[in-house]
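Hello,

Here is the structure I said I would pass on. Please look through it first; my notes follow below.

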Amino acid sequence: MRLSDYLSTHFYHTDELCQALNIDTKTLEDWQAQSIFPKPSYCIKNQMSCSSYSGLYECEEYDDYYPRGCVNWGQGVIKQKIESSNQAFNLFAQHYTQCLAKLAQQGFIFNEELFGCEIEEHLQQVWQQFLCSKYGVLTQNGLIDEIVAVDIGRLLVDDITELRSKASLDKDERTRIHPAMKLLNKALSHGADHEKQLTLRSRYIDALILKYDLSIK
């Protein structure tokens with residue numbers, strides 16, 4: 001798939017995002033300057049050459065692309081009347097911890113030790129990654145529940161496989177890793193063609209299926 005087709009299928013360019021949120025680009029830029037809203041996941045520069053009856057015309061065009069889940073975040077910013085980065089972080093942390101609680105209710109077993117730090121410190125790290133739109137590339141839609149799914153899925157897989165270093169898995173480990181990989185499969189992006197070998201999906205799903213002869217069905 002051409003990069004332009006991939007982006008138009010899975011992302012919103014700036015105008016589409018602003019239209020969906022009923023805001024102008026100045027508001028979007030202000031949100032980003034105040035660390036309330038994520039930066040674009042992809043910034044595209046096109047060098048164009050146009051030939052027509054009038055002759056040859058060359059120019060450069062720039063487009064920014066945002067994960068579609070940014071609409072959900074923007075709607076929350078508007079609804080909650082968020083005006084500062086601190087308020088935005090608190091909203092993000094609230095959603096994140098609610099998603100953690102839902103996963104725990106679904107039977108996923110994890111604790112703060114898996115994060116390698118206190119939950120507050122982890123939330124600050126994830127918040128900064130959210131603002132720079134890291135998860136807009138890593139997940140399917142950049143939604144907070146997908147971010148939590150990726151974080152927990154990776155932690156569980158790494159814990160079971162000893163950072164993916166084990167040569168094989170026993171029956172119990174295979175049973176425990178299956179729901180974690182299903183969680184990742186629903187959340188992780190497939191990536192643009194030029195990124196597929198670098199994606200978390202490649203490392204945490206494709207490679208592990210081959211290494212341990214697993215299934216995510």
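**Notes on the model**

Just after helix α3, S35 takes a positive phi of about 55°. This is a predicted model, in which local features need pLDDT of at least 70 and side-chain atom pairs count only at pLDDT 80 or more, while totals for chains, interfaces and linings use all residues. Residues are numbered from 1 along each chain as its sequence is written, and side-chain values use heavy atoms, with hydrogens and water left out. Helices (H or I, at least four residues) and strands (E, at least two) are DSSP runs, numbered from the N terminus.

Helix α3 covers residues 25-33, and its L28, W31 and Q32 are buried (under 20% relative accessible area; exposed is over 50%, partly exposed in between; 1.4 Å probe, protein chains only). These residues lie on the same side of α3 because they cover an arc of only 95° around the axis, taken from the directions from the helix axis to the C-beta atoms. An α-helix has 3.6 residues a turn, so residues three or four places apart point the same way. The cover over the buried residues of α3 includes α2 (14-21), β3 (55-67) and α4 (70-79).

Q87 lies in helix α5 (residues 85-105). Q87 counts as partly exposed because its relative accessibility is 36%. Leaving out residues up to four places away in sequence, Q87 touches K81 and I82 (contact means heavy atoms within 4.5 Å). Between Q87 and V77 there are 9.2 Å in space, C-alpha to C-alpha, and the two are 10 residues apart in sequence.

Regards
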